[in-house]
Amino acid sequence: MTHRKDTRPVKVGDLTIGGADQVVIQSMTTTKTHDVEATVAEIKRLEEAGCQVVRVACPDDRAADAIPEIKKRINIPLVVDIHFDYKKALKAIEGGADKIRINPGNIGKREKVEAVVKAAKAKGVPIRIGVNAGSLERHILEKYGYPTADGMVESALHHIKILEDLDFHDIIVSLKASDVKLAIEAYEKAAEAISYPLHLGITESGTLFAGTVKSAAGLGAILSKGIGSTLRISLSADPVEEVKVARELLKSYGLASNAATLISCPTCGRIEIDLIAIANEVEEYIQTIKAPIKVAVLGCAVNGPGEAREADIGIAGARGEGLLFRHGEIIRKVPEDIMVEELKKEVDKLAEEHYEK
Ligand code: SF4
């Protein structure tokens with residue numbers, strides 16, 4: 001299945017979601033949206049971590065009023081999340097939102113839906129329909145008895161039809177569930193039935209550790225099937241962690257062309273250096289590298305360089321020194337106390353070469 005590439009490309013600010021084998025990383029702020037200073041500061045941290053699209057909640061008028069100022073001060077597309085109230089949707093669109101998240105079936109009277117669609121069309125603002133297993137419409141729950149993948153897809157199709165009937169097609173759809181198996185099934189079925197880009201997520205996945213494992217289990221299964229054009233990892237943690245997890249996940253599937261990857265050995269009795277500390281330091285360092293470089297850190301030279309042949313650059317511990325290697329071939333020896341610095345310099349050089357290409 002190659003749903004990802006076969007979807008309709010939808011513009012979100014200067015980014016395109018769908019229509020290509022790319023998965024855009026999103027996150028959501030945790031600040032009060034009306035607190036512009038705090039919200040912008042958090043968005044800047046998210047941007048720096050690699051977040052490509054950011055969403056803010058819009059629970060009240062103060063939040064809606066803050067949208068123009070937030071938009072002015074950030075560099076990535078802004079999504080405004082609205083529940084039910086069409087006036088806030090209109091305000092958000094007017095205020096410069098690059099996308100809104102609202103379910104048209106929940107807006108109410110037809111005139112209200114029409115007003116939102118008309119405003120979104122006029123400004124080229126797409127709408128994300130967000131189906132959540134925990135809040136399916138009553139008629140769907142009555143039909144299926146409990147939240148099912150079929151019920152979730154039916155809910156999505158119900159909202160899509162409302163927009164399509166108004167000749168609106170800049171649509172992105174999510175079908176979130178906190179049950180991993182249910183989410184996988186829902187996204188698989190949605191990929192068969194829906195040609196709009198899918199926004200992936202496992203909702204309420206938990207804390208940093210448990211939520212990361214759960215999200216990777218669910219979203220990994222979905223991504224591996226070629227499904228999903230954008231994703232948000234939902235964690236009860238600093239949202240910067242969501243972005244880091246998303247990047248790692250996308251790297252595992254070769255879907256991040258702007259991030260370096262660390263290969264580090266699991267360590268064993270042959271270890272010659274303080275591998276765990278070095279691996280953590282190098283991992284931190286390469287967070288800022290925006291090139292698809294593979295960097296290896298290995299505990300010893302016995303199997304080291306050969307074990308990490310796919311690495312563009314790496315270091316293997318030897319007695320009192322480090323062996324710098326490229327693609328499995330040793331290029332030089334460096335004293336242990338400066339080997340991490342030397343590795344960082346080599347990483348920077350490779351990144352420069354990549355940026356110049
Ligand atoms: Fe053990 Fe060396 Fe392999 Fe690391 S690289 S796991 S220390 S043999």
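**Figure 1. The hairpin of β13 and β14 in the predicted model****.** A318 stands opposite E321 in β14. The two strands, β13 and β14, run antiparallel and are joined by five bridges. Between them lie two residues, which makes the pair a hairpin. In the turn, G320 has a positive phi of about 75°.

**Figure 2. The hairpin of β14 and β15****.** Strand β14, residues 321-326, pairs with β15 in the antiparallel sense, and six bridges hold the pairing. Two of the facing positions can be picked out. G322 has V334 in β15 as its bridge partner, and F325 stands opposite I330 in β15. Two residues lie between the strands of this hairpin, and H327 takes a positive phi near 45°.

**Figure 3. The open sheet of five strands****.** The order of the strands is β11-β12-β13-β14-β15, and their pairing is mixed. Which strands form the edges? They are β11, residues 261-264, and β15, residues 329-335, and each of them pairs on one side only. On average, neighbouring strands of the sheet are turned by 20° against each other, with direction ignored. Helix α13, residues 339-356, lies across β12 (294-298), β13 (313-318), β14 and β15. The helix α13 runs at about 165° to β13.

**Figure 4. Helix α11 against helix α13****.** Two packed helices are described by the angle between their axes and the distance between the axes. Here the axes of α11, residues 275-286, and α13 come within 11 Å and cross at roughly 30°. Angles under 35 degrees count as roughly parallel, and α11 and α13 are therefore roughly parallel to each other. The crossing of α11 past α13 is right-handed. On the α11 side, the contact is made by I278, E281, V282, Y285 and I286. On the α13 side, V340, L343, K344 and V347 take part. What classes of residue make up the contact of α11 with α13? Seven are nonpolar, none is polar and two are charged.

**Figure 5. The closed barrel of eight strands****.** The strands close into a barrel in the order β3-β4-β5-β6-β7-β8-β9-β10, with parallel pairing. Neighbouring strands of this sheet are turned by 25° against each other on average, direction ignored. One of the pairings is that of β5, residues 78-81, with β6, residues 99-101, which is parallel and has three bridges. V79 stands opposite K99 in β6.

**Figure 6. Helix α7 against helix α8****.** Helix α7 spans residues 149-165 and helix α8 spans residues 180-193. They pack at an angle of about 45°, and their axes are 8 Å apart. That angle makes α7 oblique to α8. α7 passes α8 in a right-handed crossing. From α7, the residues in the contact are A149, D150, M152, V153, A156 and L157. From α8, they are L182, E185, A186, K189, A190 and A193. By class, the contact of α7 with α8 has nine nonpolar residues, no polar ones and three charged ones.

Figure 7. In the model, the chain over residues 7-246 is 47% helix and 17% strand.

Definitions and conventions. Residues are numbered from 1 along each chain as its sequence is written. This is a predicted model: local features need pLDDT of at least 70, side-chain atom pairs count only at pLDDT 80 or more; totals for chains, interfaces and linings use all residues. Axes are lines fitted to C-alpha atoms, for helices over the stretch in contact, and angles run from 0 to 180 degrees between N-to-C directions. Helices (H or I, at least four residues) and strands (E, at least two) are DSSP runs, numbered from the N terminus. Angles under 35 degrees count as roughly parallel, over 145 as roughly antiparallel, 65 to 115 as roughly perpendicular and the rest as oblique. A crossing is left-handed if the near helix is turned anticlockwise from the far one by less than a right angle, and right-handed if clockwise. Two residues are in contact if their C-beta atoms, placed from the backbone, lie within 7 Å. Ala, Val, Leu, Ile, Met, Phe, Trp, Tyr, Cys and Pro count as nonpolar, Asp, Glu, Lys and Arg as charged, and the others, Gly among them, as polar. Two strands pair if DSSP finds at least two bridges between them.
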